[in-house]
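Have your viewer open and follow along.

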Amino acid sequence: MGRLLLLGNESIARGALEAGLAVAAGYPGTPSTEVIETLMKEKDRYVEWSVNEKVAFETAYGAAISGAYSLVSMKHVGLNVASDALMSSSYTGVEGAMVIFSAGDPSMWSSQNEQDNRYYGLMALIPVFEPFDPQSAHDLTVKAFEFSTKVKHPVLLVSNTRVNHSRTWVDVGELKPPVWGKLVKKPQVYSLVPAIARGNREKQLKRWELITEGVKEFNTIEGDGRKLIVTAGVGYAYVKELVEGDVRILRLGVSVPLNREQVLKAVEGVEEILVVEELEPIVETQLKNILFDEGIRVKVHGKDYVPRVGELTFEKVGKAVSKFLGLPFVEVKEPEVKIPDRPPALCPGCPHRSSFVDLKRGVVKGGLNTTFFSGDIGCYSLGVLPPFNSQDSLTEMGSSLGIANGIFRATNTVPVAVIGDSTFFHNGLSGLANAVYNNLPVLVVVLDNRVTAMTGQNPSPSREIEIEDVAKGLGVEFVKAFDPFNVKESIDVISEATRWVKENKKPAVVVAKRACALDVLDKVDGELPIAVVDEKKCTGCSICYDFFTCPAITVGKDKKAVIDQVLCIGCGACVPVCPYNAISLKGDVPKGWDEVWLS
């Protein structure tokens with residue numbers, strides 16, 4: 001027992017360890033990543049980064065059907081990748097405990113959508129636990145494991161950025177030894193051929209009845225009055241700050257399913273109801289269904305008062321609660337400080353910047369004056385911005401190759417697919433196999449920096465598996481690698497591959513191999529070299545700051561380049577970019593510098 005200063009994600013990991021977690025797997029994605037990172041510090045449990053969310057889910061599921069306590073972690077869109085296995089897991093149930101953690105990103109701070117994964121609970125018949133702060137994240141995680149064990153069913157724990165990345169003191173308990181499984185063979189349960197699945201469906205619905213009855217222990221009815229606020233997740237935290245006096249609150253620790261008996265008790269004598277929940281009207285819809293079935297006619301406000309888009313804020317909830325209670329709400333004015341606009345940019349030293357510059361010159365030299373850049377999800381998504389403009393689409397992990405196929409079939413335009421190394425292993429392999437199988441003329445550019453950089457330099461399978469070997473193994477006939485900092489080599493390889501694709505009407509794969517700059521800085525010690533500008537040679541042509549766009553390079557007097565000595569990491573990528581040889585490196589490189597960049 002004690003108190004620890006923890007992030008919401010660290011609280012979830014701590015709760016899992018206190019529950020007896022034995023096996024955890026996940027795929028990194030903001031804002032979920034710290035759960036697996038925290039669990040990896042415990043050496044008496046098995047924890048892995050899997051190649052994608054489906055594999056991670058199946059790893060946790062396989063452990064749970066053997067009786068172990070397991071957890072799978074991912075961001076909200078990752079559950080789409082794992083949804084096939086998710087639906088089946090609800091049919092079979094589990095022998096031990098399985099907690100599915102999915103971190104949402106309302107307002108889309110680092111995501112392509114803000115889907116509400118509580119819908120998966122309704123669709124798959126899996127109960128949804130919803131914490132409102134780090135302490136409740138810890139407590140609900142412990143309870144989620146206990147409940148999963150009790151009902152022999154997977155449970156879904158959802159949260160959002162505000163909970164995941166808040167840090168506060170958390171009361172914690174003792175760690176429990178991991179609960180491992182034993183070999184269990186029940187093909188009559190876990191082999192979902194139609195005859196078994198039909199029987200499992202009946203059992204699933206019976207478990208759902210038990211779950212619906214059992215979830216009321218996680219919900220509380222607080223206060224009293226003629227007005228009721230029903231709330232869950234971070235909405236509860238805001239409501240508690242706002243509401244005093246004669247207001248009744250139904251706080252839902254589990255927002256799917258609602259317990260009918262508990263709802264009816266909460267609405268007794270109530271004249272009006274407000275539902276405060278983030279994003280979709282999941283609770284509101286369930287509540288209205290119960291009231292309608294019971295013939296109870298009471299006004300229910302929900303998404304008419306609380307916005308359906310973006311994350312909840314104190315101001316949004318304050319306006320809704322004030323309107324509901326008929327009280328004035330004084331909005332806090334933002335300080336009138338004009339913060340300079342700062343567009344997102346690749347880091348100083350990021351090899352993707354050089355890759356994009358080399359790519360555009362290489363494909364043109366290879367005879368491809370018009371193309372469609374079919375992009376993907378990762379740091380390199382920033383290639384959509386000027387001056388690169390090298391991502392004409394990017395929709396989900398692995399979309400680059402599939403969409404490239406569609407573009408070519410519809411327009412006969414030879415496309416360029418751009419994908420990162422982690423994403424390549426996550427969901428690009430099937431797209432590449434399809435390209436080989438269907439003779440898709442596409443130039444595939446894999447940006448291999450050896451990490452899942454966007455989520456914090458999490459290791460990528462490319463550290464152990466050569467992408468070139470994988471591509472050859474899938475039947476790609478043209479495969480070459482290049483160093484994106486070597487401009488001439490890069491352009492030559494890309495142009496050669498482009499010509500090969502046009503002539504042979506088949507896919508070619510080129511791999512840009514250079515480590516993530518942040519990962520390099522983590523691995524070397526000592527003073528870094530610095531790039532400097534020779535003002536006598538600099539003509540102010542602007543290529544380095546307008547078209548290469550390293551954040552360390554800015555425009556100075558007479559349009560001459562200026563290099564910020566604080567931002568520059570001495571990677572040297574800008575040196576060959578200058579056509580007048582005005583940029584050079586000053587100082588020696590640390591020990592192991594080149595080896596780390598190219599390892």
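Where does Cys578 lie? Cys578 sits in the loop between β24 and β25; helices (H or I, at least four residues) and strands (E, at least two) here are DSSP runs, numbered from the N terminus. Before going on, some housekeeping: this is a predicted model, where local features need pLDDT of at least 70 and side-chain atom pairs count only at pLDDT 80 or more, while totals for chains, interfaces and linings use all residues. Residues are numbered from 1 along each chain as its sequence is written, and side-chain values use heavy atoms, with hydrogens and water left out.

Back to Cys578. With a relative accessibility of 12%, Cys578 counts as buried (buried means under 20% relative accessible area, exposed over 50%, partly exposed in between, using a 1.4 Å probe and protein chains only). An unreviewed UniProt entry puts a "binding site" feature at Cys538, Cys541, Cys544 and Cys578. These four are spread over 41 residues of sequence but cluster in space, the largest C-alpha distance being 10.4 Å. A caveat on such records: UniProt positions are given in the numbering used here, feature names are shortened, and annotations may be inferred rather than shown by experiment.

Pick out Cys544 from that set and you land in helix α21. Cys544 is buried too, at a relative accessible area of 9%. Setting aside residues up to four places away in sequence, Cys544 touches Thr549, Cys550, Ile553, Ala561, Val577 and Ile583, where contact means heavy atoms within 4.5 Å.

One of those contacts, Cys550, takes us to the other annotated set. The unreviewed UniProt entry also has a "binding site" covering Cys550, Cys568, Cys571 and Cys574. They span 25 residues in sequence, yet no two of their C-alpha atoms are more than 11.0 Å apart, so they gather at one spot. Cys550, Cys568, Cys571 and Cys574 also belong to the lining of the second largest cavity.

Cys550 itself is in the loop between α21 (543–548) and β23 (553–555), and is buried at 11%. Beyond its sequence neighbours up to four places away, Cys550 touches Pro348, Arg353 and Cys544. Cys571 is found in the loop between β24 (561–563) and β25 (583–586) and, at 18% relative accessibility, is buried as well. Leaving out neighbours within four places in sequence, Cys571 is in contact with Gly349, Phe485, Trp593 and Trp597.

After α15 comes Gly367, with a positive phi near 95 degrees.

On a 1 Å grid over the protein atoms alone, a cavity is a set of points where a 1.4 Å probe fits but cannot get out, and a pocket is an open set with protein on both sides within 12 Å along at least five of seven lines; lining residues have an atom within 4 Å of a point. Grid points are joined across faces, edges and corners, and a volume is the space filled by probe spheres set on the points. That gives 3 cavities of 30 Å³ or more.

The largest cavity holds about 210 Å³. Its lining has 21 residues, and Glu130, Val158, Ser159, Asn160 and Glu278 are the closest to its centre. The second largest cavity holds about 120 Å³ and has 18 lining residues, with Gly349 and the cysteines Cys550, Cys568, Cys571 and Cys574 nearest its centre. That lining divides into 13 nonpolar, 4 polar and 1 charged (Ala, Val, Leu, Ile, Met, Phe, Trp, Tyr, Cys and Pro count as nonpolar, Asp, Glu, Lys and Arg as charged, and the others, Gly among them, as polar).

Last stop, the pockets. The largest pocket has a volume of about 920 Å³, and among its 46 lining residues Lys75, Ser110, Ile377, Gly378 and Met454 lie nearest the centre. Helix α17 gives the most to this lining, with 4 residues.
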